[in-house]
Amino acid sequence: SKYELVSNGVDETQISVLPMGVTIPKVAVQKTKEKTPTLIYVGRLTKAKGIEDALDLASPEFSLWVVGNGDTDYLTRLKKKIEERGLSGNVQLYGFVSDEKKFDLMARAHILIAPSYKEGWGLTPIEAGSVGTPTVAYDVDGLRDSVLHNKSGLLVPPSVSKLSHAALRLINDRALHRRLQKGALLRSKEFSWDKTARAALDVLRHAL
């Protein structure tokens, strides 16, 4: 990402960043949302990715689907936290799944939760948007590049309370949810490997 290049000492004025390519399975389609308000977290299970913040959103009123793997010891700690809070019936840990299963779950969930404290590029909000699921994310580098605030999702300062408030707002405001669903779908259409390839060729032609 442009952020990573600048962090590594590259002059920002000299950067021409190619658009991100996204691979969407042909079977990925929008689906009817779950009857119970459902949040989904997709990513590596690490503290930096914010999985613990996502778990703090779990409650009897929400279902939380967690897709991704992590270190065995850390995963054990997460499972213990879920059990101690009496949320085993509300949190489902899927572990690693196929792309087809991932997109199926994202399509059926109401909101993608992206609580990473730092991202090179927020890929999952684009993937979720392709099946009509908006994102609530932390307003940090990488995520603010992929999530358009109040258009394809909601961005909030890194805080569990603000993350929870935004998720509740989106669940309770159906008109807002529908609008962000449409915006997320439109945002996802801006990214493809064909577009990336064309941009790369343009850069090469310019360089030559």
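Analyst: This is a predicted model. Three aromatic pairs occur in the structure. One of them joins Trp121 and Phe191. Two values describe such a pair: the distance of the centres and the angle of the planes. For Trp121 and Phe191, the centres lie 5.5 Å apart and the planes make 55°.

Where do Trp121 and Phe191 lie? Trp121 sits in the loop between β4 (111-114) and α5 (123-129). Phe191 sits in the loop between α8 (174-188) and α9 (193-207). The pair therefore ties together parts that are 70 residues apart in sequence. Trp121 is partly exposed, at 21% relative accessible area. Phe191 is buried, at 11% relative accessibility.

Now the sheet. Six strands build an open sheet with parallel pairing. Their order is β3-β2-β1-β4-β5-β6. β3 (91-95) and β6 (153-156) are the edge strands, and each pairs on one side only. On average, neighbouring strands are turned by 20° against each other, direction ignored. Helix α4 (residues 99-108) packs on this sheet and touches β1 (38-42), β2 and β3. The direction of α4 makes about 145° with that of β1.

Tyr138 has Val156 in β6 as its bridge partner.

One more loop residue is Ser59, between α2 (51-55) and β2 (63-67). Ser59 is buried, with 15% relative accessible area. Beyond its neighbours within four places in sequence, Ser59 is in contact with Leu87 and Asn90.

Notes: Residues are numbered from 1 along each chain as its sequence is written. This is a predicted model: local features need pLDDT of at least 70, side-chain atom pairs count only at pLDDT 80 or more; totals for chains, interfaces and linings use all residues. Side-chain values use heavy atoms; hydrogens and water are left out. Rings of Phe, Tyr and Trp (its six-membered ring) pair if their centres lie within 6.5 Å; planes under 30 degrees apart count as stacked, over 60 as edge-to-face and the rest as tilted. Helices (H or I, at least four residues) and strands (E, at least two) are DSSP runs, numbered from the N terminus. Buried means under 20% relative accessible area, exposed over 50%, partly exposed in between (1.4 Å probe, protein chains only). Contact means heavy atoms within 4.5 Å. Two strands pair if DSSP finds at least two bridges between them. Axes are lines fitted to C-alpha atoms, for helices over the stretch in contact, and angles run from 0 to 180 degrees between N-to-C directions.
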